[in-house]
Amino acid sequence: MKRVLKWVGIALLVVILGLVGVVLAAFHGLSPIQDGQRLDGVQTVKDGIVSCFLVDLGEREVALVDACNDKSAKAVLAALAKRGLGAEAVKAIFLTHGDADHLWGALAFPKAQVLVLAADVALAEGREIRLLPWLLSPKDTGVRVARALTDGEVVELSGVAFRVFAVPGHTKGSAAFLARGVLFMGDSAESTTEGALAPAKRLTTSDPELNRASLAKLAERLAPSAADVKSIAPAHSGVLTKGLAPLADLARAR
Ligand SMILES: [Zn+2]
């Protein structure tokens, strides 16, 4: 019996070390998120291993791109408080996709309308499960989507345009948004310590090949208005400030 327990213990340890290794490997080589980084009308908020963004809508109002991971949205509220703003300043939350680590913070902004591509509405609301469906069952996130977005549309809020691009792959309803010169990528791409753009992490991505194809298509669609893209902002790694070039390079490398 003791022997069996010992082997069970060793097996458990191997599994745990393996999981830790997988997580470390997933974030190895990524450029770090810079909390508080200010671009032109856009501010990075870091919440552990994930970031979300304040997009200025005039002086006293903002939209969020993603809502970060913390249900009480401490980091987002602290960033707002520094500007003398409260939760009510958040008018809208654009979700790059429906994974929980990007949306829990929305619960702290019940007055903000939540927008996500139609294909990820069920995932965002917790009526669908994407990873390990044989092990886990869907659970209501409490987040309610006010408006399902469609590919190619432009949402205008207080004169600020948010261009919506479907980039399916990481999830089936993953989106990139272009607003105020920043191309928000969610988990569809990552920035590396070398200043390049890499495709979505395979391990957590529903369809890595489709993700690559979507990134190539996005580069193609943005090429005519390349000058509008000043920066590229992934959710789990730092912002690249070299225009559209890193995405164009990634598309060429296929
Ligand atoms: Zn994520």
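This is a predicted model: local features need pLDDT of at least 70, side-chain atom pairs count only at pLDDT 80 or more; totals for chains, interfaces and linings use all residues.
Visitor: Where is Ser-51, and what does Ser-51 touch?

Guide: Ser-51 has its place in strand E3, which covers residues 50-57, and, leaving aside residues up to four places away in sequence, Ser-51 touches Ile-33, Thr-44, Val-45, Lys-46, Cys-68, Pro-234 and Ala-235.

Visitor: Is Ser-51 buried or exposed?

Guide: Ser-51 counts as buried, because its relative accessibility is 1% and the cut-off for buried is under 20%.

Visitor: New topic: which residues hold the zinc ion?

Guide: The zinc ion is coordinated by Asp-101 and Asp-187 through OD atoms and by His-102 and His-236 through NE2 atoms, at 2.0 to 2.4 Å. The angles among these 4 donor atoms run from 88 to 167°, and the site is irregular.

Visitor: Where in the chain are Asp-187 and His-236?

Guide: Asp-187 is in the loop between strands E11 (182-186) and E12 (189-191), while His-236 is in the loop between strand E14 (231-234) and helix H5 (245-252), so that this pair, 49 residues apart, links distant parts of the chain. Asp-187 is buried at 7% relative accessibility, and His-236 is buried with a relative accessible area of 7%.

Visitor: And helix H4, how many residues does H4 have?

Guide: Helix H4 has 15 residues, 208-222, and spans 21 Å from its first C-alpha to its last, close to the expected 21 Å.

Visitor: What covers the buried residues of H4?

Guide: The buried residues of H4 include Pro-208, Asn-211 and Leu-222, and among the elements covering the buried residues are strands E9 (160-166) and E10 (175-179), together with H5.

Methods: Residues are numbered from 1 along each chain as its sequence is written. Side-chain values use heavy atoms; hydrogens and water are left out. Donors are N, O and S atoms within 2.8 Å of the metal (3.2 Å for Na, K and Ca); water is not among the atoms, so sites may look incomplete. Four donors count as tetrahedral if all angles lie between 85 and 135 degrees; four count as square planar and six as octahedral if opposite donors are over 155 degrees apart and all others between 65 and 115; anything else is irregular. Helices (H or I, at least four residues) and strands (E, at least two) are DSSP runs, numbered from the N terminus. Buried means under 20% relative accessible area, exposed over 50%, partly exposed in between (1.4 Å probe, protein chains only). The expected span of a helix is 1.5 Å times one less than its number of residues. Contact means heavy atoms within 4.5 Å.
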